[in-house]
Amino acid sequence: MALLDRIADRSATVGVIGLGYVGLPLAMAAARAGFTVTGFDTDAAKITAVDARRSYIEAVTDAALTTEVDAGRFAATCDFTRLGDCDVIVICVPTPLTRHREPDLSFIERTCADIAATLRPDQLIVLESTTYPGTTDGIVKSILERGGLRSGQDFFLGFSPEREDPGNRAYDTSTIPKVVAGDGVQAGALVEAFYGAVVAKVVPVSSTATAEAVKITENVFRAVNIALVNELKVIFDAMGIDVWEVIDAAATKPFGFMPFYPGPGLGGHCIPIDPFYLTWKSREYDLTTRFIELAGEINSTMPHHVVTRLAEALDTRLGRALSRSRVLVIGLAYKKNVPDTRESPSLKLIELIEARGGTTGYHDPFVPQIPKTRAYPTLAGRQSVTLDADTIAGFDAVLIATDHDDVDYAALGEHAPLIVDTRNAFARRSLPMDKVVKA
């Protein structure tokens with residue numbers, strides 16, 4: 001009851017572990033709600049940026065960050081021993097896959113060990129990182145209880161899946177409904193009270209495993225439907241039918257249809273990764289996830305399909321081999337109008353083109369330099385080229401991988417010898433299609 005009262009009157013202190021695409025916007029939302037928030041991260045550069053009132057996440061403006069820091073409601077640190085000072089601790093760390101496409105929970109495990117080192121009675125610990133059902137109860141709880149304190153008796157444990165959507169102008173952290181669950185009745189009440197103070201609407205469910213399953217289901221839904229239209233793209237292309245025209249016409253049906261659109265592959269943290277957490281977990285029950293695995297197989301082949309279409313177009317349109325061609329990739333981010341390159345198919349496209357002997361450059365108004373990645377370390381440091389007439393004409397083909405709005409598509413159409421469009425960018429803008437091949 002004491003913690004519930006402190007949440008109600010905003011005297012509870014909040015710690016957010018992981019100040020990335022999920023953690024920093026959540027920290028800002030909690031601070032705006034009146035809580036005093038401390039952000040924790042192992043990346044000292046993020047702490048330096050916060051101290052300088054400089055945001056590195058598009059969803060958080062410099063002005064918004066400055067307001068909360070200057071008001072004393074938000075500060076950041078690398079000192080995890082200060083977790084003991086927090087009444088509410090929210091875990092927002094990555095959950096990637098290993099090279100064998102199995103769950104990598106090492107970030108969660110290390111974070112829970114850090115929390116356990118200072119864990120005290122009457123703290124609320126909430127996991128937001130996407131994972132398979134049973135992680136909160138089976139992994140997080142077991143690590144936190146190693147010191148002798150018990151969940152539901154001494155401290156309280158919950159799960160609330162993140163629902164961030166980079167670049168979405170209609171919704172932000174505080175306006176997206178929040179699914180919440182606790183390990184027991186008291187924990188559930190605390191989790192609901194905390195998020196109820198931060199976001200506009202909370203959706204309580206019966207258990208942490210159910211809440212974990214909600215997030216997996218959301219991502220599986222998108223992965224499977226995107227795989228479906230990617231497969232239809234290949235089939236309809238062989239028939240001489242434009243899949244984008246088909247989808248747009250089908251979307252006029254006011255019931256029973258939801259439009260999804262094809263692309264060069266899946267990007268972002270959630271959709272290319274999270275369904276495989278369920279695939280892995282299902283083996284424990286001697287069950288196979290054939291639908292999910294097939295969708296993953298289709299989506300993962302899309303970059304190969306696009307490069308094959310590029311090579312065919314270079315041959316038939318220009319009489320050039322891909323191995324002797326220079327290709328300008330438009331868009332390095334995984335989706336339009338954001339700087340987020342996590343799991344971006346553009347990186348795979350560059351790798352595939354160069355593996356076949358081609359030369360690449362890229363242009364992205366949001367990504368001036370390719371960041372370090374675990375999967376593509378040799379691409380790190382490459383610079384975005386300036387998009388002007390001479391630059392465009394210097395490439396044999398332009399490959400549109402991400403359809404940012406802030407790109408001069410008319411200039412591409414005027415000066416590029418060939419355009420391979422994976423996003424229907426030219427048709428949507430009613431630009432001349434004589435040089436365009438859809439892929």
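Which elements are included in what covers the buried residues of α4? The legends below take up this point and others in a predicted model.

**View 1. Helix α4 and its buried residues.** Helix α4 runs over residues 62–70, and its buried residues are L65, E68 and V69. Their directions span an arc of only 100° around the axis, so they sit on the same side of α4. A63 and D70 are on the other side of α4, and both are exposed.

**View 2. The cover over α4.** The buried residues of α4 are covered by elements that include α2 (23–32), α3 (44–51) and β3 (74–77). L65, E68 and V69 are the residues being covered.

**View 3. After the helix.** G72 follows α4. The phi of G72 is positive, near 80°.

**View 4. T95 in its loop.** The loop between β4 (88–91) and α5 (106–118) holds T95. T95 has a relative accessible area of 0%. The cut-off for buried is under 20%, so T95 counts as buried.

**View 5. The surroundings of T95.** Neighbours within four places in sequence are left aside here. T95 is then in contact with D104, L105, I108, S129, T130, H269, I273 and Y277. With T130, the side chain of T95 reaches the backbone oxygen at 2.7 Å.

**View 6. T95 and A251.** These two residues are 156 residues apart in sequence. In space, T95 and A251 are 34 Å apart, C-alpha to C-alpha.

Methods
Residues numbered from 1 in each chain as written. Predicted model: local features only at pLDDT ≥ 70, side-chain atom pairs only at ≥ 80, totals over all residues. Heavy atoms only, no water. Buried < 20%, exposed > 50% of the residue type's maximum accessible area, 1.4 Å probe, protein only. Helix = DSSP H or I, 4+ residues; strand = E, 2+ residues; numbered from the N terminus. Arc of directions from axis to C-beta. Contact = heavy atoms within 4.5 Å. Polar contact = N/O pair within 3.5 Å; in protein donor to acceptor, adjacent residues only side chain to side chain.
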